[in-house]
Amino acid sequence: MASAKQHALIGTGVGAVSWLLYCKLVDRPVRVGEVLLGAGVGMIGGLLPDLLEPAIHPNHRRFFHSYAVTALLAHANHCVSQQTQMPAERRAAIHLISLGFLSHLAADAHTPKGLPWV
Ligand SMILES: [Zn+2]
């Protein structure tokens with residue numbers, strides 16, 4: 001099981017790399033402050049599942065650690081990506097925090113305990 005520190009590091013990396021990829025895809029100049037902000041948002045997302053369901057016992061993984069929430073989050077992000085009237089930065093923040101969240105679930109899924117379906 002990854003520790004909070006490991007989840008934070010993974011989320012940070014996911015947030016930073018995702019922002020860099022976003023800048024590359026939309027041909028946006030890379031600004032260090034924005035990369036750090038993306039890393040921070042990814043880190044928060046990476047910590048969220050255990051904030052919602054604290055890892056205080058081996059069976060703490062419930063809905064917010066499930067494949068169901070993964071599917072709901074993917075669907076929600078798809079919907080957000082189509083909200084073109086929403087500022088691009090707000091959509092990007094939602095995607096980054098979601099990617100951080102999903103990085104946590106991906107790390108937890110690779111443990112013997114895995115993730116519950118619901
Ligand atoms: Zn967890």
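D108 and R61 form a salt bridge in this predicted model, their closest N and O atoms being 3.4 Å apart. A salt bridge here is a side-chain nitrogen of Lys or Arg within 4 Å of a carboxyl oxygen of Asp or Glu. Because D108 lies in helix α4 and R61 in the loop between α2 and α3, the pair ties together parts that are 47 residues apart in sequence. Helices are DSSP runs (H or I, at least four residues), numbered from the N terminus. D108 is buried, with a relative accessible area of 1%, and R61 is buried at 9%. Buried means under 20% relative accessible area, exposed over 50%, and partly exposed in between (1.4 Å probe, protein chains only).

The model is predicted: local features need pLDDT of at least 70 and side-chain atom pairs count only at pLDDT 80 or more, while totals for chains, interfaces and linings use all residues. Residues are numbered from 1 along each chain as its sequence is written, and side-chain values use heavy atoms, with hydrogens and water left out.

The structure holds four salt bridges.

R31, at 43% relative accessibility, counts as partly exposed. In general, side chains of opposite charge can pair when their charged atoms come close.

D108 is also a donor to the zinc ion, through OD. Donors are N, O and S atoms within 2.8 Å of the metal (3.2 Å for Na, K and Ca); water is not among the atoms, so sites may look incomplete. The angles among the four donor atoms run from 75 to 173 degrees, and the site is irregular. Four donors count as tetrahedral if all angles lie between 85 and 135 degrees; four count as square planar and six as octahedral if opposite donors are over 155 degrees apart and all others between 65 and 115; anything else is irregular.

Along the sequence, the donor residues follow the spacing D-x14-H-x38-H-x3-D. H65, in the loop between α2 (32-52) and α3 (67-81), and D108, in helix α4 (residues 88-109), are 43 residues apart and link distant parts of the chain. H65 is buried, with a relative accessible area of 0%.

Helix α4 also holds S98, which counts as buried at 6% relative accessibility. Leaving aside neighbours within four places in sequence, S98 is in contact (heavy atoms within 4.5 Å) with L73 and N77.

On the surface, L52, F63, F64, Y67, L72, W117 and V118 form a nonpolar patch with about 740 Å² of accessible area together. Patches are made of residues with over 30% relative accessible area and no salt bridge; like charges are joined within 9 Å and nonpolar side chains (Val, Leu, Ile, Met, Phe, Trp, Tyr) within 5 Å. Accessible areas come from the Shrake-Rupley method with a 1.4 Å probe. W117 sits in the segment after α4 and is exposed, with a relative accessible area of 67%.

D27, in the loop between α1 (4-25) and α2, has a positive phi of about 55 degrees although it is not a glycine. Most residues other than glycine have a negative phi. D27 counts as exposed at 70% relative accessibility.

Conventions
Helix = DSSP H or I, 4+ residues; strand = E, 2+ residues; numbered from the N terminus.
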